[in-house]
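Biologist: Please take a close look at one part of this model, the sheet, and then follow the chain out to its partner.

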Amino acid sequence: MKRNNMPLTLFGMATRNLVRRPMRTSLTTIGVGVGVVAIVALSSTIQGARGSVDSTIRVNNADLLVFESNVSVDLFSSLAETPTRQALLATPGVLRVVATLWHVVPVEDKPYMLTFGLRLGEMDSARRDMMVSGRIPESEDEVMLGVIAQRALNKDVGDNVAIRGEPFRVVGVFRQGVVILDGAIVVPMRRLQALSGKVDHVTAFQVHLKPGADTDAVIARIEREHPGLTAVTGSGDYSKVDEGLDIAAGMIWVVSLIALIVGAVIVANTMWMSVLERTREIGVLRAVGWSRSAIVRMIVLEAAWLGVAAAIVGCACGVLLAKAAARVSVAEQFLSPRFGPRTFLLAFIVALLLSVLGALAPALRAANVSPAEALRYE
Amino acid sequence: MNESNTGNGVLLSARGLVKHFENGNVRAVDGLDLDIMRQEFVAICGPSGCGKSTLLNLIAAIDRPDRGTLTVAGRSLASLDRRDADAYRRDTVGLVFQLHNLLASLTALENVQVPMMAAATSAAARCERAPALLESVGLLDRADALPSVLSGGERQRVALARALANEPEILLADEPTGALDSESGQRLLNLLEDLRRQSHMTLIVVTHDEKVARRADRILHMLDGRIEA
């Protein structure tokens with residue numbers, strides 16, 4: 001018989017203790033993993049949203065987006081088109097501005113889709129490189145679809161599409177690689193202003209700066225000289241016009257905290273049961289000279305093992321859940337989860353932390369087991 | 001009874017040793033005086049409830065005396081703090097229980113390594129010593145077996161190998177043959193005696209069994225928490 005001559009380690013003992021109760025270990029892993037799933041799914045979705053914001057601002061190589069100041073949601077921004085355009089063009093450092101109107105309207109059988117209004121002359125040449133098929137609109141009754149919108153509407157070049165009941169002809173399909181843009185319809189500005197009841201008004205201006213212009217200085221000047229305007233450069237300062245991202249990020253921490261508490265309670269329950277069941281075993285360990293700290297280390301190691309298993313299972317399920325959510329018909333126009341190392345690191349830290357925290361009380365209880373009483377324990 | 005071995009000095013000395021339970025209603029050890037010499041084989045006999053196992057627990061520093069003095073190898077057990085008691089149990093005594101008390105999830109070889117982990121014995125030394133101990137109890141071929149597949153006698157032999165892991169000065173055995181059939185019990189006793197002679201340990205056995213007691217250098221009879229004269 002081949003003998004296993006590997007030395008016994010604390011890690012090995014902790015593993016055996018978990019493996020010998022497979023159902024309890026699995027259920028605890030799932031219990032802790034649920035919190036990890038929530039963290040991964042929410043965090044990746046928020047990261048995706050931040051990425052979309054950054055990409056949206058940078059579309060066509062713009063440097064800034066200028067909105068109406070003091071709005072709580074970007075879509076509520078409303079700027080008088082002509083005077084704002086003139087004001088921005090008069091600002092030193094500004095090279096070019098492009099007016100955009102953002103509006104959510106019913107399209108065909110979809111209750112709401114995002115539409116972007118652009119002046120025909122400002123449907124930038126850069127967009128030509130992004131055309132998947134067809135061309136850029138050249139008249140007021142033509143639109144182009146992002147690839148996700150095209151898929152959602154099942155329309156192609158040459159088809160008609162009803163936007164709030166009014167017919168438009170699809171002349172092109174584009175892909176910008178940004179989910180919120182690819183899920184939208186680009187509509188001639190004048191028609192969208194009429195459809196949305198915002199004649200001569202737009203949502204924001206894309207601002208292109210002159211080479212070498214100091215972005216911060218330009219923003220400061222715009223905001224100082226025009227108190228009704230505010231400028232953003234990316235997701236980092238987007239809360240100036242929409243606090244949604246910051247609120248969602250805050251929710252992640254709340255969910256993490258709830259997961260921390262629930263998971264810690266689950267681990268505490270499991271480890272407490274385990275310690276009670278093993279009272280006699282722990283007594284034997286104490287009787288053969290194991291110190292209290294060695295007992296604590298063994299119990300905490302078992303809990304840490306549970307945390308790692310929960311993190312792995314939770315991360316895998318979180319990725320699947322986030323991807324599945326982004327495939328839902330309505331969500332696919334807005335959601336594109338991003339899975340960065342920070343998300344997984346956060347998930348591992350939370351899972352490990354809550355597992356170890358949950359194990360502390362049972363571990364201390366185990367350490368305080370009197371060997372004499374434990375050996376009498378049946 | 002064999003000839004008493006008293007030529008190596010006193011290893012254990014108890015004076016007025018008291019251990020009560022249930023607020024003094026149960027006087028398990030009640031003013032006990034005792035001397036045990038180095039390398040002596042002592043059998044402690046007596047009826048159930050006379051305090052034999054409690055005395056063994058006190059000698060093993062598993063329990064603390066309420067009163068009196070208990071000195072083993074120059075150390076006063078009553079004054080040991082927790083850390084010193086851990087070290088004493090780890091380094092000075094080896095324990096064999098009536099029920100083997102092996103860890104169910106560990107193999108025979110791993111169970112033998114458990115006390116060595118407490119002693120921070122290196123992995124290499126553990127890998128060398130644990131098989132040697134199993135070989136000394138005739139179970140090297142069962143090294144990878146879990147306790148659940150070992151016979152009662154085999155489990156007690158693994159427990160004996162575990163008790164010897166850190167080369168203790170005293171081996172304490174509480175009814176070591178109590179759960180074994182006659183043949184397995186005799187085999188375990190032969191082994192205990194052989195190993196004691198080889199390693200010059202002091203052996204203290206608590207037993208009901210006359211056959212076990214007759215092998216000892218000295219038999220002590222306990223009654224109502226005291227050694228009978």
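Modeller: B:Phe41 stands opposite B:Leu203 in S8(B). The model is predicted. Strand S3 (residues 41–45) of chain B and strand S8 (residues 202–206) of chain B run parallel to each other, paired over 4 bridges. Strands of a sheet pair through backbone hydrogen bonds, in either the parallel or the antiparallel sense. The open sheet of chain B has 6 strands in the order S6-S7-S8-S3-S9-S10, with mixed pairing. At its edges are strand S6 (93–96) and strand S10 (226–227) of chain B, each pairing on one side only. Helix H5 (residues 152–163) of chain B lies across S6 and strand S7 (170–174) of chain B, at about 170° to S6(B).

As for the partner, 33 residues of chain B are in contact with 30 residues of chain A. The size of an interface is often given as the accessible area lost when the parts come together. Between chain B and chain A the buried area is about 2800 Å², and carbon and sulfur atoms give 57% of that. There are 2 salt bridges between the two chains, B and A. One of the salt bridges joins B:Glu110 to A:Arg16, with the closest N and O atoms 2.5 Å apart. Helix H2 (82–91), helix H3 (108–118) and helix H4 (123–136) of chain B each supply at least two residues of the side that touches chain A. H3(B) gives the most to that side, with 7 residues. By class, the side of chain B that touches chain A has 18 nonpolar, 5 polar and 10 charged residues.

Note on methods:
Residues numbered from 1 in each chain as written. Chains lettered and ligands numbered in written order. Predicted model: local features only at pLDDT ≥ 70, side-chain atom pairs only at ≥ 80, totals over all residues. Heavy atoms only, no water. Contact = heavy atoms within 4.5 Å. Buried area = accessible area lost by both parts, 1.4 Å probe. Salt bridge = Lys/Arg side-chain N within 4 Å of Asp/Glu carboxyl O. Nonpolar A, V, L, I, M, F, W, Y, C, P; charged D, E, K, R; others polar. Pairing = 2+ DSSP bridges. Axes fitted to C-alpha atoms, helices over the stretch in contact; angles between N-to-C directions.
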